[in-house]
Amino acid sequence: MDTIKDKNVLLGITGSIAAYKAAEIIRLLRERGARVYPVMTQAATHFVHPLTFQTLASRKVTVKLFEENDEKISHISLAQLADVVLIAPASANIIGKLSGGIADDILTTTALATRAPILIAPAMNNVMYENLLLQENIKRLKAIGVSFIGPEKGKLASGEIGMGRMSAPSQIVEYLERTIQSKDDFQGKTFLVTAGPTREPLDKVRFITSFSSGKMGYALAEEGAARGASIILISGPSLLEPPREVEFYSVESALEMHEKVMEKFAQVDGVIMAAAVSDYRPTMKEAGKIKKSLKEGFALKLVQNPDILKELGRKKRNKILVGFCAEVKNLEREAKKKLEVKNLDLVVANDLTLEGAGFGVDTNVVTLIDKEGKVEHLSKRSKKEVAKGIWDKIKKLMER
Ligand code: CTP
């Protein structure tokens, strides 16, 4: 496998007894054709002399943030050239600093300035690893897409047996290969993603909508773009900032979303309908403002909006169609029904009664059901991680 041939791996080495294992990591990476740029924290230099890594990587090791006589290797140039940043071993200190956004040395500034994926292989004493603050820091980093490899349970430097031993160099390198491989797996493909709620106006100041925030759809757009797809994001009103790399359209009502989706459908390889499209809209639309003077009140009459996804299902041919389904009961049965009626390849079902699932929150708990009836449960995780799982599934469906 030459997945990492000619890739630039920035290897951050921090102050841990496991620093010596970084030598093996460099050897394995170079054996596979990668270029390794070692960066050491000051603490790491107490464990292994930089010369060891310099010799193995055939490259100067960066230790200081401000190196004299070498303007080329700054934190910015390192951050930009990296295809992936691997921190192995990662101490509790570096994990804490990254989680807090601190940038006070060459490794932390580079990690903050890079767009490359960041992989962290922790190594520390078991009590430190189980410390709640450290666990919180890991959780925060995971939520923004940082990946963790290990640690493992085993014999620690202290002689105790516990959780905290760095994963084996071969495992770390395998994980890194998979990351690089999946990074570009949608290169050359175009996907349309819809997100957010729609607004169905009643008059100039009022509308009917849902609690949808757009978080799931935006996470899908961002992840798709990170994996090389060209993304067209059509969003109803949302407070979120659209990801930089996507072609973005903002719409208000279901009818507007319908029009924009139909306009773009011909040019895409697939559609993910994550938007919470309003099924109905008011028949009336008061040009001005509905007045309080209507003493008897009034009945609001609604008509059905077009079902965008169902219409796409009729036109789909070999395009991939992914729908969402939010239910409060009979989740799987309802989801399977939708899959069939709308002619979908995949339905992402969420049970709105579960804690940490559905509208507005940062996490989701979903069940993926494909057209062959295969059911996969993804336990509670960040919407970014859910997005990864959905794209992985789409990849498999496209390979079939
Ligand atoms: N959808 C759509 N156009 C609509 C309504 C929904 O494209 N007018 C899409 C959503 O983006 C989502 C899926 O269809 O991907 C949801 O299906 P839907 O039938 O709306 O689910 P529910 O509203 O939950 O349906 P029901 O009320 O019939 O259970």
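**Entry 1: the start of the chain**

I began with D6, which I found in the segment before strand 1 (8-13). This is a predicted model, so I note each value as computed. Phi of D6 is near 65 degrees, a positive value in a residue other than glycine. I marked this down because most residues other than glycine have a negative phi.

Next I looked up peptide bonds. I traced P89 to strand 3 (residues 84-90).

A cis peptide bond also joins G150 and P151, and here omega is about 5 degrees. P151 belongs to the loop between strand 5 (147-148) and strand 6 (152-155). I flagged both entries because most peptide bonds are trans.

**Entry 2: the cavity**

How many cavities of 30 Å³ or more does a search of the whole structure find? I got 1. The volume of the largest cavity comes to about 30 Å³.

I then listed its lining: K7, D83, I180, K183 and D184. Sorted by class, that lining has 4 charged residues, 1 nonpolar and no polar.

**Entry 3: the pocket that holds the ligand**

Where does the ligand sit? I placed the ligand in the second largest pocket. That pocket has a volume of about 980 Å³. I counted 43 lining residues, and A275, A276, V277, D279 and F324 are the closest to the pocket centre.

By class, I have 19 nonpolar, 15 polar and 9 charged residues in the lining of the second largest pocket. I also checked which elements contribute. Helix 9 (215-226), helix 11, strand 16, helix 12 (331-341) and strand 17 (346-351) each supply at least two residues of this lining. Strand 16 gives the most, with 4 residues.

**Entry 4: the shell around the ligand**

I found 14 residues around the ligand, and the closest are M273, A275, P306, L309 and F324. A275 and F324 had already come up among the residues closest to the pocket centre.

Which elements each supply at least two residues of the shell? My list has helix 11 (308-315) and strand 16 (320-327). The largest share, 4 residues, comes from strand 16, and strand 16 also gives the most to the lining of the pocket.

The classes in the shell are 8 nonpolar, 5 charged and 1 polar.

- For D279, I have a polar side-chain atom 2.9 Å from an oxygen atom of the ligand.
- For P306, a polar backbone atom is 2.9 Å from a nitrogen atom of the ligand.
- For K338, an N or O atom in the side chain is 3.0 Å from an oxygen atom of the ligand.

I then looked up how much of the ligand is covered. The ligand taken alone exposes 580 Å², and the protein buries 76% of that.

Two of these residues link back to earlier entries. P306 is also one of the closest residues to the ligand, and D279 is among those closest to the centre of the second largest pocket.

Technical notes: Residues numbered from 1 in each chain as written. Predicted model: local features only at pLDDT ≥ 70, side-chain atom pairs only at ≥ 80, totals over all residues. Heavy atoms only, no water. Near = heavy atom within 4 Å. Polar contact = N/O pair within 3.5 Å; in protein donor to acceptor, adjacent residues only side chain to side chain. Areas by Shrake-Rupley, 256 points an atom, 1.4 Å probe, with all protein chains shown as cover. 1 Å grid on protein atoms, 1.4 Å probe; cavity = no way out; pocket = protein on both sides within 12 Å on 5 of 7 lines; lining within 4 Å. Sits in = over half its atoms within 2 Å of the grid points. Nonpolar A, V, L, I, M, F, W, Y, C, P; charged D, E, K, R; others polar. Points joined across faces, edges and corners; volume = space filled by probe spheres on them.
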